[in-house]
Amino acid sequence: MIIKSIRIKNLITFLFILTILFFVIGILFYNNIQNKLYEDTDSFLFATAVSVADSINTLWEKEGTNTIKQTIRQYFFKIIRSWITQSAKDDPKLLNIIVQIYDPTCKIIASSRNIPTILNLSETAKSQIFNLKEYYEDINIETSPGRFITVRFLAKPIVKDKKIDYIVRVAIPLRTLNVALTNLKLYLLLMLPILIVFIGVVGIYLTNLTLEPVKKMIKTMRQITAGNLKLRIEIPESKDEIRDLAETFNNMIEKLFSSQQQLIEDLSHEIKTPLSVIKGQSEVFIRRERKIPEYKELLLNNIEEINRIIKIVEDLLVVSLFDSQTVEINFKNIKLAIFLESIVDDINIFGEEKNIKVVYSHKNDHTIQGDENHLKSLFLNLLENSIKYSFPNGEIIVNLTKQDNFAKIEISDTGAGIPEEELPYIFDRYYRVIKSKKDKGFGIGLSIVKSIVDLHQGKIEVKSKINHGTTFIIYLPHSS
Amino acid sequence: MKILVVDDEIKIAEFIKLGLKEEGYVVDIAGDGEEGYFLAKKNIYDLIVLDLNLPKMDGIAVCKTLRSEKIFTPILMLTVRNKVSDKVKGLDSGANDYLTKPFSFEEFLARVRVLLRKNDNFKNTVLIVDNLELDLLSHKVKRGDVEINLTTKEFSLLEYLMQNAGSVVTRVMIIEKVWEYDFDSFTNALDVYINHLRKKIDQGFEKKLIHTVRGRGYTIKG
């Protein structure tokens, strides 16, 4: 679906921009051509008018006696012969150049054509002429009933000593000009759909070409599932963003794959150790008859190892609950001082085996908002870890104090400590990926601890010195 | 036969020790790589059972170091890792065999026997002195046609004497080979066991096989 929408989005944007651009360019081009053609026509009209006036003036001077009106009436057709073909005189289709002469009061003196609608000057024309200015105008002439042609007129006053001697009016039909402009308009309008179709097809082709590797990638990605993380996207040969994307994706899958692999490996190791004990012990014991107390001991041992496995499995379940955010949360006010005391009491039983004492001290009580079960598992996890890594006969100190708006709980042991380079990773799920060849890690316990602290909007810090011990510091916000 | 078990999982080390002990082997335990290396260098073992993942010094390192110091005691490596590459790494570092946890104890014992048999000292699986026979595999002892029942300790003691048949073995040698590392050599346990052994082997026979060499130790000869 993504492909389609990208393709269509691309195409529509592209075509939209193109159409607007084409329109703007088309209109500019059309106007430019139109102006040029009109300019051309107008300069022709002007030249003709000047030429007619020149001829009249020349004749008039030569005659000397005649009034200008007489001269014009006498010689008019002679003068204009060179512009109008006689044969075309009455055929409107062959309408060529029209020449008309008016007196200073705008009364017609002579006209090469006797079309009544053009014999009189319009009021605008007159006012322009009386201001001694030329006046251009387009007039539609009915050549036959219902058929018109547009003719462009130039009325030019011939002025002598700021007085109008007479007025020359020349006209030329705009047929050629109009045909040219109409054709141009037609071409432009015709070209637009062709262009759109062409660009559209090319656009789709190019988009397809670009998106082809993406399509392939999506096909491969669809086949990649949690159980099929070995599949990789074929890296395209191009050195573009698509290749970058493919490589990034492959790297991501690689990371996922190896961390999934590592998690499974770690878990299987973790479970295999107690299983080895159970299996080995039982096999050794079954090889010969034993006394009842020995069997008892074996069973107790086995139960202990089975509990180890149960703990691993339960931890894993809790992690997955936190991960999928489906963990059950039940917040209420908890009085930390008493709460911690009961946990310390519980944990002291665990410590007895290694003769480790958990000492608890607190200054005034703190009430926080929290989930009792989660908080309990948080502290039990940390304390069990502390006992596990403490040297025998050690002491674990649990101290509850206050810092700003937080209850601050410190848990210090005198154990083996955590190497400095490992400290940043101990709360990670995949901690053991980075770490160590050791089989005994913190398991996933610390990852759960972190999740619980986050759930309570608290903070957890860890300080450690090899062979001196580790201190975990937990900050939990006071209930407001 | 003396075997060193190096494993940081105390429970695993302990059941291996128990099982081996009941098969007549003498077993020392080391809880980490350094201790294992120390014991393997200091004492003479017939076999080392070595866990791959150990604190302080891992199994690979222990193995390599021992081999580089010309200690060629057979090593059976144990690990929870069952990837081929891990096995190859273990074997390449100088281990003779490789077993993944959890393992079947019967298989473990069989592999232990194979490694002990391969050891150059034991081309033969049956030791014979005069008409006394000791089968290293079935752990059966016969004098003539009479089968003799021995405790595991007695068996180990006899085995060691018969391996060195004809020559004198000192008290120290016996204690090193037959007893665990932490055995208190100032007790008279050795004399007690020799007496037991004498009773079971020589009593009722004309020809005595076990002899005391005054001031030096013991010997067995036909």
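Student: Where does A:Lys162 lie in this model?
Tutor: In this predicted model, A:Lys162 lies in the loop of chain A that runs between β4 (147-160) and β5 (163-173).

Student: And what is phi there, at A:Lys162?
Tutor: Phi of A:Lys162 is near 60 degrees, which is a positive value in a residue other than glycine. Most residues other than glycine have a negative phi.

Student: Is A:Lys162 buried or exposed, and why?
Tutor: A:Lys162 counts as exposed because it has 6 C-beta neighbours inside 10 Å, and the cut-off for exposed is 12 or fewer.

Student: Switching to chain B, what about phi of B:Lys56?
Tutor: B:Lys56 is not a glycine, yet it has a positive phi of about 70 degrees; its place is in the loop between β3 (47-51) and α3 (59-68) of chain B. With 14 other C-beta atoms within 10 Å, B:Lys56 is partly exposed.

Student: Which peptide bond is cis in chain B?
Tutor: The bond from B:Lys101 to B:Pro102 is cis, with omega near -5 degrees, and B:Pro102 lies in the loop between β5 (97-100) and α5 (105-118) of chain B.

Student: How many residues of chain B are in contact with chain A?
Tutor: On the chain B side there are 16 residues, in contact with 17 residues of chain A. Helix α1 (residues 10-22) of chain B gives the largest share of that side, seven residues.

Student: What classes do the residues on that side of chain B divide into?
Tutor: The side of chain B that touches chain A has eight nonpolar, three polar and five charged residues.

Definitions and conventions: Residues are numbered from 1 along each chain as its sequence is written. Chains are lettered from A and ligands numbered from 1 in the order in which they are written. This is a predicted model: local features need pLDDT of at least 70, side-chain atom pairs count only at pLDDT 80 or more; totals for chains, interfaces and linings use all residues. Two residues are in contact if their C-beta atoms, placed from the backbone, lie within 7 Å. Helices (H or I, at least four residues) and strands (E, at least two) are DSSP runs, numbered from the N terminus. Ala, Val, Leu, Ile, Met, Phe, Trp, Tyr, Cys and Pro count as nonpolar, Asp, Glu, Lys and Arg as charged, and the others, Gly among them, as polar. A residue is buried if 20 or more other C-beta atoms lie within 10 Å of its own, exposed if 12 or fewer, and partly exposed in between; C-beta atoms are placed from the backbone.
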